[in-house]
Amino acid sequence: MEGDRPGEPQADPTTGTDDTSAPVLLREPSEGTPPVIADATALAEACAKIAGGSGAIAVDTERASGYRYWPKAYLVQLRREGAGSFLIDPIPLEGQLEPLAEVLNDTEWVLHAASQDLPCLAELDLHPKSLFDTELAGRLAGYERVALGTLVELLLGYQLEKGHSAADWSKRPLPVDWLNYAALDVELLIELREKLEAELTAQGKIEWAKQEFEAVRTAPPPAPRAEPWRRTSGVHKIRSARGLAAVRELWQARDELARKRDRAPSRILPDTAIINAVTADPKTVEQLQALPVFSGRVQRKYTSSWLRHLQAARALPTAELPTPAQQTDGPPPVNRWSDKDPDAAARLAAARAALSAIAEDRRLPVENLLLPELVRRTCWRPPADLSEDSIADVLREAGARPWQIELTATALSKALHSTAAAA
């Protein structure tokens with residue numbers, strides 16, 4: 001690692017932590033706060049330095065999820081051995097990032113929780129040739145807590161400055177303490193990667209990790225939700241189809257306004273306000289403005305619009321009202337299995353017990369051993385053939401990786417066989 005850090009600790013090789021002193025708090029990068037790169041000339045200089053470095057490139061982004069509608073990157077942080085750290089503002093560089101793509105896209109990236117950053121980087125036409133995900137590596141290595149700060153403290157003996165992860169990164173100019181926070185997010189990623197890779201190799205899990213990293217790298221974008229308005233917080237309180245139609249109308253109107261203004265929907269109208277309006281069922285502007293949130297100065301200018309959408313829901317023909325429950329092709333909630341299909345409940349219990357034993361033996365979270373949703377679907381409607389090969393085919397078709405199939409197919413086959421014999 002380039003640059004000297006004060007009081008650099010010596011880690012205990014058996015625990016990954018320093019056994020002689022408290023973690024060293026890092027408030028700013030070892031080489032000082034990097035300047036924000038916001039023009040083509042500075043970007044070209046940075047790309048030349050990055051190209052002259054060696055090894056993988058640490059990558060992170062900062063978004064403004066709680067403030068903006070679109071989950072775009074408002075800052076891209078990079079670090080490479082021999083080159084240093086870089087903070088790139090992609091907003092003024094829109095359409096000018098080709099030099100960065102030429103440097104990054106043929107290189108391994110090191111990210112923490114890569115699935116959160118890859119979509120907004122892909123929008124910038126930045127795609128890794130391969131990647132190493134330190135959060136996922138930590139899970140596979142058996143760590144119970146895998147936040148970046150936690151792993152850095154456990155394995156490297158440093159404590160990262162906290163406090164700005166939920167900030168409005170679309171703000172300009174960005175404060176210096178925010179920039180330090182952002183740069184520190186990549187400061188130690190390469191070292192952390194090396195520690196975790198060594199642990200995974202020692203545990204015989206490095207091939208598992210490579211398969212998982214590749215699955216993250218090549219994962220397609222998630223399919224759009226059929227009825228996203230049903231995720232409105234508190235919607236379970238609305239029992240009638242007419243009430244659900246009102247929630248839908250307000251949610252869709254809010255979403256359209258949020259898109260146009262590029263603001264987080266919750267900052268346009270909180271979910272609680274939607275539910276309160278549907279529950280109160282106001283008939284006039286005055287009645288709506290008497291409700292919490294709607295009485296505020298900003299909301300008052302939109303009150304007539306919200307009321308029109310509530311009135312539209314009241315006027316909908318019965319055939320156009322939403323069903324009380326969202327239609328799905330998946331299994332019902334697990335707490336209903338015993339009543340709906342006791343045999344399926346027994347299959348799930350046996351499968352969970354078998355998988356938990358494997359996960360405990362291999363020191364990894366059971367949800368990383370096999371996706372819980374895949375286990376539920378397999379147990380709810382198992383194939384007619386419960387052989388190991390048949391179960392392996394089911395898992396493979398659903399996207400399970402080879403290492404997962406190798407560890408679980410036999411155990412799942414036996415668990416399903418045992419419950420079938422007992423039925």
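How many residues apart are Arg376 and Glu373 in helix α18? They are three residues apart, so about one helical turn separates them. The model is predicted. In it, Arg376 and Glu373 form a salt bridge, with the closest N and O atoms 2.9 Å apart. Arg376 is partly exposed, at 22% relative accessibility. Glu373 is also partly exposed, at 33%.

**Salt bridges**

The count comes to 21 salt bridges. Three of them are listed here.

| Salt bridge | N to O distance |
|---|---|
| Asp89 and Arg172 | 2.8 Å |
| Glu212 and Arg401 | 2.7 Å |
| Arg376 and Glu373 | 2.9 Å |

The Asp89 and Arg172 pair links distant parts of the chain, 83 residues apart. Asp89 sits in the loop between β5 and α2, and Arg172 in the loop between β8 and α6. Asp89 is buried, at 7% relative accessible area. Arg172 is partly exposed, at 35%.

Glu212 and Arg401 form another bridge. Glu212 lies in helix α8 and Arg401 in the loop between α19 and α20, so the pair ties together parts 189 residues apart in sequence. Glu212 is buried, at 5%.

**Aromatic rings**

There are seven aromatic pairs. Phe132 and Phe213 make a tilted one, 4.7 Å centre to centre with 55° between the planes. Phe132 is in strand β7 and Phe213 in helix α8, 81 residues apart. Phe132 is buried, at 3% relative accessibility. Phe213 is buried too, at 4%.

Elsewhere, ring pairs link Trp169, Trp178 and Tyr181 into a cluster. Lys171 lies over the face of Trp178, 5.3 Å from the ring centre.

Conventions:
Residues numbered from 1 in each chain as written. Predicted model: local features only at pLDDT ≥ 70, side-chain atom pairs only at ≥ 80, totals over all residues. Heavy atoms only, no water. Phe/Tyr/Trp six-rings, centres within 6.5 Å; stacked < 30°, edge-to-face > 60°. Helix = DSSP H or I, 4+ residues; strand = E, 2+ residues; numbered from the N terminus. Buried < 20%, exposed > 50% of the residue type's maximum accessible area, 1.4 Å probe, protein only. Lys NZ or Arg CZ within 6 Å of the ring centre and 35° of its normal. Salt bridge = Lys/Arg side-chain N within 4 Å of Asp/Glu carboxyl O.
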